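Trainee: Please take me through this model, starting with the ligand.

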Amino acid sequence: MVQEPAGGSLYLVGTPIGHLGDLSERARRVLATADVIACEDTRHSGQLLSALGAQGKRLSFHQHNTRGRIPQLLDLLEQGQSVAVISDAGLPGISDPGEDLVAAARSAGREVICVPGPCAATTALVSSGLPSGRFCFEGFLPPKGKQRKERLAAIASEPRTTVIYEAPHRLLQLLNDLLTLCGGDRPLQVARELTKRHEQQVGPTVASALAHFSVHKPQGEFTLVLGGAPEVVAEDHGDAYWRDALQQLIEGGLSANAAAKQLAQGSGRSKRELYALLHNTSDTDGDEDAD
Ligand code: SAM
């Protein structure tokens with residue numbers, strides 16, 4: 001095996017999301033000896049790097065200077081320097097800077113190597129007890145607006161387990177949105193402060209998590225693991241049932257079009273048919289693009 005870190009190679013290095021003991025031996029070695037360390041926040045990572053005796057040149061690499069830094073980091077790789085990238089915590093490239101740099105490095109024919117480490121998404125997923133064979137990662141949802149509603153609607157009808165990151169001050173809003181769109185019985189496990197002293201799991205449903213955090217103010221870091229939408233048995237409940245279900249979703253904030261699309265999945269009825277019900281017209285008369 002080539003001596004690590006190799007000159008001209010880009011290393012994505014996973015760092016702890018809480019417990020410092022989770023920094024791997026290999027990560028320590030690469031960070032201690034890389035020529036350059038691109039840090040999401042040089043001050044935040046300073047303590048860790050100093051403790052490792054890292055001598056490499058430290059450069060900031062965050063969402064506001066990515067564009068300018070990428071050519072500079074590629075130049076350093078071109079000159080034969082080894083470059084390590086770390087974020088404040090966890091894996092670079094997962095809701096953290098890294099993705100664009102990796103794409104640029106690959107396009108430039110540079111070697112990209114991941115030194116894997118902790119990641120809140122997978123840590124929460126595997127400890128949730130929810131199906132992990134197939135899952136989706138949504139990262140942070142848009143804080144408001146049409147894009148948020150559409151993402152939430154897609155998540156609500158997604159049959160696979162979904163992992164979501166959320167800031168503490170937005171947690172209650174997200175739980176309320178999930179209650180409206182998924183119902184209180186939908187399985188949910190909220191992982192709080194993973195790998196830290198006050199690590200906690202709150203579940204097992206949307207309703208119980210909402211009840212808990214309505215009483216206990218959300219503090220710390222949160223990752224949500226939402227159970228997939230149950231298979232809808234393709235039985236026809238009749239027009240009144242579907243009209244009612246559509247109205248509920250619309251009252252919850254979805255557009256008529258998005259509500260029809262969501263309900264159509266696995267319902268045995270087409271989106272067009274459902275949309276037409278809202279207007280009391282036959283399914284061939286509906287204009288499904290209007291909201
Ligand atoms: N790159 C990181 C990773 O690999 O997990 C994620 C970075 S993202 C900016 C930060 C978010 O990850 C937090 O807001 C929270 O949703 C989640 N997170 C990070 N550490 C966590 C922890 N110890 N417990 C629960 N969630 C955590």
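Mentor: A polar contact here is a pair of N or O atoms within 3.5 Å; within protein, one must be able to donate a hydrogen and the other to accept it, and residues adjacent in sequence count only if both atoms are side-chain atoms. This is a predicted model, in which local features need pLDDT of at least 70 and side-chain atom pairs count only at pLDDT 80 or more, while totals for chains, interfaces and linings use all residues. Residues are numbered from 1 along each chain as its sequence is written, and side-chain values use heavy atoms, with hydrogens and water left out.

Trainee: How far does a backbone N or O atom of A89 lie from a nitrogen atom of the ligand?

Mentor: The ligand atom in this pair is a nitrogen. On the protein side, the backbone of A89 supplies an N or O atom. The distance is 3.4 Å.

Trainee: Which residue has a side-chain N or O atom 2.8 Å from a nitrogen atom of the ligand?

Mentor: A polar backbone atom of L194 also lies 2.8 Å from a ligand nitrogen, but that is a backbone atom. The side-chain N or O atom at 2.8 Å belongs to D96.

Trainee: What share of the ligand's exposed area does the protein bury?

Mentor: Areas come from the Shrake-Rupley method with a 1.4 Å probe; for residues, only the protein chains shown count as cover. Taken alone, the ligand exposes 580 Å². The protein buries 90%.

Trainee: How many residues surround the ligand?

Mentor: The closest are I94, D96, A120, L194 and F222. The shell divides into 11 nonpolar, 3 polar and 5 charged residues. The ligand is surrounded by 19 residues.

Trainee: Is D239 buried, partly exposed or exposed?

Mentor: Buried means under 20% relative accessible area, exposed over 50%, and partly exposed in between (1.4 Å probe, protein chains only). D239 is at 36% relative accessibility. D239 therefore counts as partly exposed.

Trainee: Which residues does D239 touch, not counting those up to four places away in sequence?

Mentor: Contact means heavy atoms within 4.5 Å. A51 is 67 Å from D239, C-alpha to C-alpha. The residues that D239 touches are R269 and L277.

Trainee: What percentage of the protein chain's residues count as buried?

Mentor: The C-alpha trace spans about 70 × 40 × 30 Å along its principal axes. The chain has 291 residues. The buried share is 46%.

Note on methods. A residue is near a molecule or strand if one of its heavy atoms lies within 4 Å of it. Ala, Val, Leu, Ile, Met, Phe, Trp, Tyr, Cys and Pro count as nonpolar, Asp, Glu, Lys and Arg as charged, and the others, Gly among them, as polar.
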